[in-house]
Amino acid sequence: MSKKKNRYVVGFDLGGTKMMAVVYDEAWKGCGRSRRKTKGFSGAVAGLERIRETIDRALEEAGIERDALAGIGIGVPGPLDSERGILLELPNLGWQNVAIKAELEKVFKCQVVASNDVDAGTYGEYRFGAGQGKRCVLGVFPGTGIGGGCVYDGVIIRGKAISAMEIGHMCVLPNGPLCGCGRRGCLEAVASRLAIAQAAAGAAYRGEAPYLQSVGGTDLTKVRSGVLAKAIAEGDTSVEVIVRRAAGWLGVGIGSVVNLLAPDVVVLGGGLVEAMPEIYLEAVEKSARKHAMPAFHDVFEIKAAELKDDSTARGAAAWADAVLQRGVTG
Ligand SMILES: [Zn+2]
């Protein structure tokens, strides 16, 4: 009697500083994982080689061979031609027009589905986390930038050949501060962790945030989410004002998206949310309800993401599986 062969899918999170491969079984249990640095080499050829090694290590830990793989889902932190699986640009690493799908399919002899990492993270929350069973899940992930994704009726919303839902680049303040995209007044320029850190470092420099100043908070690179949360807990009220103001801006953006899509849940993830869930969620929610039209005030809930570090890998794997098994348009 032949034993039914198990089906495995790899989820891959190509982060800006770290990459991670996780092997999932049919019950979506992670049975092997490997994590490597993303930086430390130059060019896409070396990068693809490191991705291959990372997947092979995860497979080795899981004790399975390449040919047991049904597919690979990969989440990438940059614009993507998802139809052809081409990573258009990763400015931090100097990658341009990398045919990541074709390259990995050649090596692993299985289908590869590439998606934007925030889309994958939002899909992960829809399948396994705070968005389970919902019709429309809006995912918002404030970090160095502000990522957005939306799953509607079980499908990731995107353009024909490009990912969508760039909530961080909605203009909320015409002629406002310069954004990394080259335009002014984007949500990201006033509400990202980087924008918060810049304002908080300024407050520390001016002596308005004594705790933050005592831990080197005039240095932007030291003002991480955990440090901001500690500064607020230690009584730096100016830091709390800065965080609440930024969260309020995020609520302005979310309120506008609520008016467009009427999501039943908005899932907030990322370091700021994890470091100070109460303050941050409360401030975002208050502002989002205020900026949504009256008819939309009470149609949505705002929840913290549940999957944490694994959200992109698990979501990318589950999305790949949905595309391959159920014919969802990938
Ligand atoms: Zn922008």
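Two strands are taken to pair if DSSP finds at least two bridges between them; helices (H or I, at least four residues) and strands (E, at least two) are DSSP runs numbered from the N terminus. The structure is a predicted model, in which local features need pLDDT of at least 70, side-chain atom pairs count only at pLDDT 80 or more, and totals for chains, interfaces and linings use all residues. Residues are numbered from 1 along each chain as its sequence is written, and side-chain values use heavy atoms, with hydrogens and water left out.

Strand 4 (residues 69-76) runs parallel to strand 8 (residues 111-116), to which six bridges join it. Strand 1 (residues 8-14) is likewise parallel to strand 4 and is joined to it by six bridges. Ile72 of strand 4 stands opposite Val10 and also opposite Val112 in strand 8. Seven of the eight residues of strand 4 are buried (under 20% relative accessible area; exposed is over 50% and partly exposed in between, with a 1.4 Å probe and protein chains only), so strand 4 is largely enclosed by the rest of the structure.

Three bridges connect strand 6 (residues 86-90) with strand 7 in the antiparallel sense, and Leu87 has Val98 of strand 7 as its bridge partner.

The zinc ion has as protein donors His169 (ND1), Cys179 (SG), Cys181 (SG) and Cys186 (SG), at 2.0 to 2.4 Å. Donors are N, O and S atoms within 2.8 Å of the metal (3.2 Å for Na, K and Ca); water is not among the atoms, so sites may look incomplete. The donor residues follow the spacing H-x9-C-x1-C-x4-C. Angles of 105 to 120 degrees among the four donor atoms make the site tetrahedral (four donors with all angles between 85 and 135 degrees). Cys179 is buried, with a relative accessible area of 7%, whereas Cys181 is partly exposed at 37%.

In helix 7 (residues 225-233), the residues Ser225, Leu228, Ala229, Ala231 and Ile232 are buried. These residues lie on the same side of helix 7 because they cover an arc of only 160 degrees around the axis, the arc being that of the directions from the helix axis to the C-beta atoms. The buried residues of helix 7 pack (heavy atoms within 4.5 Å) against helix 5 (193-205), helix 6 (210-214), helix 8 (237-261), helix 9 (271-275) and helix 10 (277-291).

Methods
Four donors count as tetrahedral if all angles lie between 85 and 135 degrees; four count as square planar and six as octahedral if opposite donors are over 155 degrees apart and all others between 65 and 115; anything else is irregular.
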